[in-house]
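Here's a walk through one protein chain, from the overall numbers down to a handful of individual residues. Have the viewer open and follow along.

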Amino acid sequence: MIAALRRLMAQKGLDAYVIPATDPHQSEYVPDYWRVLRWVSGFTGSAGTLVVTHDFAGLWTDSRYFVQAEHQLAGSGIQLVRMRVPHTPEFAQWLAQQLPANAVVGVDGNLLSRSWYQPLEALLRAKNIRLMPHADLAAELWADRPPLPTAPVYEHPPRFAGIARADKLARLRLAMGEQGITHSILASLDDIAWLFNLRGNDVLYNPVFVAYAVVGPTEAALFLDPQKVSPALRHRLQQDSIRIQPYQAWRDYLRRLPAGSVALIDPRRVSQNLLEALPSTITVREGTNLTTLQKAIKTAEELACIRQTMVRDGVALTKFFYWLHQNLGRQRMTERSVEEQLHALRRQQPYCQGESFGTISAYGPNAALPHYSATPESDAELRPEGVYLLDSGGQYFTGTTDTTRVIALGPCSDEARRDYTLVLKGLIAVSTLRFPAGTRGYQIDALARQPLWEHGINFGHGTGHGVGYFLCVHEGPQGISPAPLDVSFQPGMITSVEPGIYRPGKHGIRIENLVCCVEAEHTEFGNFLAFETLTLAPIFTSLVEKSLLTPRERAWLRAYNRLVARKIGRYLTPDERLWLKHVTVSV
């Protein structure tokens, strides 16, 4: 494939070609139609950029995928380039350093976000290198390209949606009016699904559908395959002044926006080519979608549903770990086979629609890969020794879950016990935090790492990410990481807390709960916020090194496991309740 790509590059006069891992909607999980990176390279990770020149091909990706990329790129002629490694340039810097003046770099501007395109174009222009954003080489080379998804669009049941569609549109228009915006242009699929109270099955794990939307002063246009919308649903949308238009019609619609309009786009969530479709007679403002913050702050109705969902998901997880404990050593178990059992148990819960991301079922050394995915080749057999890590989540009409637990399957090393306890300390530190309003995630991140730092340990991923409501498991705008993201926590935001320790060749430890930002108190120093732990799954105590926990931390662990038992106990069998009490015995 690389050879064919280079021949076409030569015909087009391109000295280099860049292939990102995303789609026109800047999605984390991409429909097969846009998985150009996987088609060319064989790499299946969700983060990566392929650069091809006439004598070099390299895939830039981060530490989560180093081992996976090495395996998948073997024999392809594509070199793995490790991102964020000292003295290794990022792909944009590499292009600027390696290409001569007057060189031409091609990219499909439908796949490159505005926020990526601008700095890349500026960097190359400074070196007299031209960036061509209309080079869709896959369209000419990919003969058996999969079609665009065709799954039906459906309504999020009104009793679960929290706010009616018409009310969401009214709130959005009110915010637009306050900022002098006449049109909000949306390309991000989760924003669109949330705003219109619609869901779909076009993207793996995320209940969204491929679409664009434009919200004007009195009318909204929704661009998607009309065959996905039933006549009854179309009628209900029309009642809310929402016009259904063909998916590909968005470009012509944007070109016809009235002169003098003020349009808002999110440069991180729209492609460069979308921006180029806007007429010169309008004003374009760049900023975060107004719907992104509205979506992130869950309503009281949504939070009530989410708390019910946590009970259901906690029941499924507890039944799974009980089943694992009872059958380990009595039947052959592998990472993939036990994963299937978990999915079956979760599917038994009311309103469950499936998984919220690819389950990480990792035994022993495999757990040292933070984004491990068991394959037929790597599928390890579970044995009554060492530790097993399970990171999984469910999509329910009533919310989205994401939980990580580690359990001892038998004797474990002292190092594993210490690592488990240090990670637990980091989780507790964030979970019990009180902080002033206006606090950002990067100000909280160090608290999860401090117990690890004291032992010379760190982890390479963020501490937490926002989570949607029957939407994407990774949701902005807030997060907890060292990145200086200028977004403050607000009541109603749901975020994960997931510190970890990873020892290649040995084990991986990560404990993850979802928390909701809540109001704590008002003092003479201002408003203070806190985190309410939402996740209801047992934190197993057999791996805890008691001497490393303070009395306050031990009290938190006891109270948390008692809360779990009280909330989910009625849905367990007597044997399951007895086992739960045993594996969460106080330390």
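## The big picture

The chain has 19 helices and 28 strands, where helices (H or I, at least four residues) and strands (E, at least two) are DSSP runs numbered from the N terminus. Before going further, a word on the source: this is a predicted model, local features need pLDDT of at least 70, side-chain atom pairs count only at pLDDT 80 or more, and totals for chains, interfaces and linings use all residues. Residues are numbered from 1 along each chain as its sequence is written, and side-chain values use heavy atoms, with hydrogens and water left out.

What about overall dimensions? For 587 residues, a compact globule would have a radius of gyration near 25 Å, and the chain agrees because its own value is 25 Å. That radius is taken over C-alpha atoms, and the globule rule is 2.2 Å times the number of residues to the power 0.38. Along the principal axes, the C-alpha trace spans about 65 × 55 × 50 Å.

## Surface, contacts and charge

Of the 587 residues, 57% count as buried; buried means under 20% relative accessible area, exposed over 50%, and partly exposed in between (1.4 Å probe, protein chains only). The accessible surface comes to about 24,100 Å², with 51% of that belonging to carbon and sulfur atoms. These areas come from the Shrake-Rupley method with a 1.4 Å probe, and for residues only the protein chains shown count as cover.

Now for contacts, meaning heavy atoms within 4.5 Å. Taking those between residues at least 6 apart in sequence, 69% join residues at least 24 apart. As for charge, there are 60 positive and 56 negative side chains, and the centres of the two sets lie 3 Å apart. Lys and Arg count as positive and Asp and Glu as negative, while His and the chain ends are not counted; each charge is placed at NZ of Lys, CZ of Arg, CG of Asp or CD of Glu.

## Helix 16

Helix 16 covers residues 414-431, and its 18 residues should span 26 Å at 1.5 Å a residue; the end C-alpha atoms are 26 Å apart, which agrees. The expected span here is 1.5 Å times one less than the number of residues. Since 13 of those 18 residues are buried, helix 16 is largely enclosed by the rest of the structure.

Which two residues does a cis peptide bond join? They are Gly-476 and Pro-477, with omega at about 5°. Pro-477 lies in strand 23 (residues 475-480).

Asn-128 has phi near 60°, a positive value in a residue other than glycine, and sits in the loop between helix 5 (114-126) and strand 6 (130-132). At 46% relative accessibility, Asn-128 counts as partly exposed. Asn-197 also has a positive phi, near 55°, in the loop between helix 9 (189-196) and strand 9 (198-199). Asn-197 is buried, with a relative accessible area of 6%.

## Loop residues and their partners

Ala-211 is in the loop between strand 9 and strand 10 and counts as buried at 0% relative accessibility. Ser-27 is found in the loop between strand 1 (16-20) and helix 2 (36-41) and is buried, with a relative accessible area of 16%.

Glu-219 belongs to the loop between strand 10 (212-215) and strand 11 (220-223), and counts as partly exposed at 29% relative accessibility. Beyond its neighbours within four places in sequence, Glu-219 is in contact with Arg-173, Val-214, Ser-241, Arg-243 and Tyr-253. Gly-45, in the loop between helix 2 and strand 2 (49-53), is buried with a relative accessible area of 10%. Leaving aside neighbours within four places, Gly-45 is in contact with Tyr-65, Gln-68 and Gln-72.
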